[in-house]
Amino acid sequence: MTTDYLEAAVEIARQAGAILREESTHPAQISYKREVDLVTQADKRSEQFIVERLTEHFPTHAIAAEEGLGHEATSEFRWHVDPLDGTTNFAHGYPCYCVSIALARRKGGPQGGTALHCAVIYDPNRDELFAAAPGRGATLNGAKIHVSRNASLSTSLLCTGFPVHERNASPNIHYYSDFTMRSHGVRRDGSAALDLANVACGRFDGFWEFGLKKWDTAAGVLLIQEAGGQVSDFAGQAYELGGPVILATNALIHEEMRAVANDIAVLYPGPTLLP
């Protein structure tokens, strides 16, 4: 059944990516959810397509989608959909954005939680499709991928992101500054899903960010885990989708990054949970 889930997600992500390529040839039709939190016609078209196709394939599943077109269901299965991760980039013609689709299943028992069953991230500009399923590894355009083998923070290339709203509530500028000085560099590309995919394939060695939504991280988390990496919060506990902070690395620099992050938190104990 996992193969069915993954095959469907791959097909749908590719077709949604084609919608984004088509929309990129026209002036972006922009509206605002908040003062600086924009949405484009491309977001809406891509999400409508994805939700319709997922509903056709899996009519009993719940769908959580960024622009609100998903729906609830009694099923233990829930799709997490970001139809255009990197909307600001798209609106400005900067070619760094993607489609992100993941399937989670609610666990039984007293501990609760969810288990990820498949993940797809598609970059339509580079025609790169990342995919993963539990126990089957992670792939890029069908070829197996693995996280980097860089074992030192000082020689690592990192990535992070900043919120588009409530920026003063985010402590991340302090982490950005400190990690920039301690590493080979920090990139800020504006698409958390692509950042996580690039950790999974070894282009980045580590990633951290605050206040991300479940649809931002669900696919990337499974990709990194299946590619041999590690994902947690700053306390070292298992990362829960939608949690206040995520740390994702090649595993080799995980504890070093976590120690630095906790040192920074002592100096700048600002809020870590964004609205």
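This is a predicted model: local features need pLDDT of at least 70, side-chain atom pairs count only at pLDDT 80 or more; totals for chains, interfaces and linings use all residues.
Several neighbouring pairs can be followed strand by strand. Strand β4 (residues 77-85) and strand β5 (residues 98-106) run antiparallel and are joined by 7 bridges. Within that pair, Phe77 has Arg105 in β5 as its bridge partner. Strand β6 (residues 114-123) pairs with β7 in the antiparallel sense over 5 bridges. Here Tyr122 stands opposite Leu129 in β7. On the other pairing, β7 and strand β8 (residues 138-140) are antiparallel over 3 bridges. Phe130 has Leu140 in β8 as its bridge partner.

| Strand pair | Sense | Bridges |
|---|---|---|
| β4 and β5 | antiparallel | 7 bridges |
| β6 and β7 | antiparallel | 5 bridges |
| β7 and β8 | antiparallel | 3 bridges |
| β10 and β11 | parallel | 3 bridges |

The hairpin of β6 and β7 has 4 residues between the strands, and Asp127 takes a positive phi near 50 degrees. The hairpin of β7 and β8 has 5 residues between its strands. In that turn, Gly135 has a positive phi of about 80 degrees.

**Strand β7, inside the structure**

How many residues of strand β7 (residues 128-132) are buried? The count is 5 of the 5, so β7 is largely enclosed by the rest of the structure. In a regular strand, side chains alternate between the two faces of the sheet. In β7, Glu128, Phe130 and Ala132 point one way. Leu129 and Ala131 point the other way, and all of these residues are buried.

**Leu140, a residue of β8**

Leu140 lies in strand β8. Is Leu140 buried or exposed? Leu140 is buried, because its relative accessible area is 16% and the cut-off for buried is under 20%. Leaving aside residues up to four places away in sequence, Leu140 touches Glu128, Leu129, Phe130, Ile145 and Arg203. The C-alpha atoms of Leu140 and Ala200 are separated by 9.5 Å, although these residues are 60 residues apart along the chain.

Helix α5 (residues 192-200) and helix α6 (residues 214-226) pack at an angle of about 0 degrees. Their axes are 8 Å apart. The two helices are therefore roughly parallel to each other. From α5, the contact uses Ala192, Ala193, Leu196, Ala197, Val199 and Ala200. From α6, the contact uses Asp216, Thr217, Gly220, Val221, Leu223 and Ile224. The residues of this contact divide into 9 nonpolar, 2 polar and 1 charged.

**The five-stranded sheet**

Another open sheet has 5 strands in the order β11-β10-β12-β14-β13, with mixed pairing. Which strands stand at the edges? They are β11 (185-187) and β13 (230-232). Each has a single partner strand, so one side of each is left without a neighbour in the sheet. The twist averages 20 degrees from one strand to the next.

Strand β10 (residues 157-160) and β11 run parallel, joined by 3 bridges. Leu157 has Gly185 in β11 as its bridge partner. Helix α4 (residues 172-182) packs on this sheet, touching β10, β11 and β12 (206-210). The direction of α4 makes about 160 degrees with that of β12.

The structure holds 0 disulfides. A disulfide needs the sulfur atoms within 2.5 Å. Cys96 counts as buried, at 11% relative accessibility. Cys118 also counts as buried, at 0% relative accessibility.

Key. Residues are numbered from 1 along each chain as its sequence is written. Side-chain values use heavy atoms; hydrogens and water are left out. Buried means under 20% relative accessible area, exposed over 50%, partly exposed in between (1.4 Å probe, protein chains only). Two strands pair if DSSP finds at least two bridges between them. Axes are lines fitted to C-alpha atoms, for helices over the stretch in contact, and angles run from 0 to 180 degrees between N-to-C directions. Angles under 35 degrees count as roughly parallel, over 145 as roughly antiparallel, 65 to 115 as roughly perpendicular and the rest as oblique. Contact means heavy atoms within 4.5 Å. Ala, Val, Leu, Ile, Met, Phe, Trp, Tyr, Cys and Pro count as nonpolar, Asp, Glu, Lys and Arg as charged, and the others, Gly among them, as polar.
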